[in-house]
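Please look over the sequence and the 3D model below before reading on. The text after it goes through a few places one at a time.

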Amino acid sequence: MYLFKRSNDLKKHLDLVRKSGKSIGFVPTMGALHNGHLSLIQAAKKENDIAVCSIFVNPTQFNDPKDFEKYPVTIEEDIKKLNDASTDILFLPSVDEMYPEGLSGGLHYDFGDLETILEGKFRPGHFQGVGKIVHKLLDIVQPAKLFMGQKDLQQCLIVRKLLKIIDSPVELVVCPTEREASGLAMSSRNARLSPAARKKAVAIYQALEHLKQQFGKGLHFLEGAHDAFDDLKTQGFDPEYVDILSLDPDGNLHPLNQPPADNDTIVAAIAAWLDGVRLIDNMIIRGNI
C-alpha cells in the first residue's frame, strides 16, 4: 500500500494510474476504521482497478469543538486494517495540507432544505463542511467512483447534490449499512461506548425495525415516530429526532405528515445521545436510494 501525505504527490501518482487506463475507486473516511469502512474498500476494489482511501478528521464539519476533540484517532490500527484489506493507496493529509487558506471562508453550496433537517437542524454548518472537504478530496483524487455507506444517508444525499453542483462526472455508490450481529450500525463512535451502553444502543436499530414492520398496517406515521422517540427516552437515551421521511426523485427528504404516494421511497431516521455519545442510524422502509 502506498501512503501519501501531500496532495501534489498523490495527484502525480494518480495521473499515471489513469494514463495507464486503470479506474480509481475512492473511499473518504475520518479514520477509526471498522468493518463498515472495510466493506467500502472491498466494493471499491471490486468495481475499480485501484482503491484509494483517505483518512482525515475534518474540523469544518464539527459544529461542536468538544466533539472534534473526542473523535477517536487510531492511525496505526487503521493502516494495518487497510493493508490487510489490500488497499492500494492511503491519503493521510494534515489540516494545513487540506486547508492552506485557513478553515474559514471558501465556497458556499446551495444544498437547499436538505441541510436544514435531521442532522442539519442539530448540527448547523455541518454539511457545508462536508461539502468543502469532499470537493477538495475529489479534486485531488479524481476517481471514477466514490463509495459511501448508507448509515450516513443524509450525507450521501448531500454529496449527490454536491456532484451536481460542481458538475462532476464521479459516480456515487451508496453501500448498505454494515451492522454488528446485534443489529447495531457500525460506527467509529461506538468505540466510545461502554460495554453496557453498547448493548443498550441496539434499541435504536430495534426502533427502526419496528417502524418498518408496522409500515402498511395502518400505523399513523407521526404517531409511530413519536412512540419510538418516547420509548428511547424511557430507556435512557436523549433522542434528538425520530423521523419518517419521503425521498423524492431529486434527492430531497421531506418529513411525512400524510400517507405517502405509492412510488415514494420511505426512510426512517434516528439520532440519539447515549452516555455522552451521539449515535445515528436509518432504515429504508420502502423503495431505494
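**A walk through the model**

Strand β9 spans residues 265–274, and A272 lies in it. This is a predicted model. Is A272 buried or exposed? Its relative accessibility is 0%, and buried means under 20%, so A272 counts as buried. Among the residues that A272 touches, leaving aside those up to four places away in sequence, are I204, F237, D238, P239 and E240. The list also includes V277, R278 and L279. D238 is 34 residues from A272 along the chain, yet the C-alpha atoms of A272 and D238 are separated by 5.4 Å.

Next come the helices. Two packed helices are described by the angle between their axes and the distance between the axes. Helix α1 covers residues 7–19 and helix α7 covers residues 126–141. The two pack at an angle of about 50°, and their axes are 8 Å apart. That angle makes α1 oblique to α7. On the α1 side, S7, L10, K11, L14 and R18 take part in the contact, and they meet D139, I140 and V141 in α7. Sorted by class, this contact has four nonpolar residues, one polar residue and three charged residues.

The cysteines are the last topic. How many disulfides does a search of the whole structure find? The search finds zero. For C53, the nearest cysteine sulfur is that of C175, 13 Å away. A disulfide needs two cysteine sulfur atoms within 2.5 Å, so C53 is in no disulfide. C156 is in no disulfide either, and the nearest cysteine sulfur to it, that of C175, is 8.8 Å away. C53 counts as buried at 1% relative accessibility, and C156 is buried with a relative accessible area of 1%.

Technical notes:
Residues numbered from 1 in each chain as written. Predicted model: local features only at pLDDT ≥ 70, side-chain atom pairs only at ≥ 80, totals over all residues. Heavy atoms only, no water. Axes fitted to C-alpha atoms, helices over the stretch in contact; angles between N-to-C directions. Helix = DSSP H or I, 4+ residues; strand = E, 2+ residues; numbered from the N terminus. Parallel < 35°, antiparallel > 145°, perpendicular 65-115°, else oblique. Contact = heavy atoms within 4.5 Å. Nonpolar A, V, L, I, M, F, W, Y, C, P; charged D, E, K, R; others polar. Buried < 20%, exposed > 50% of the residue type's maximum accessible area, 1.4 Å probe, protein only.
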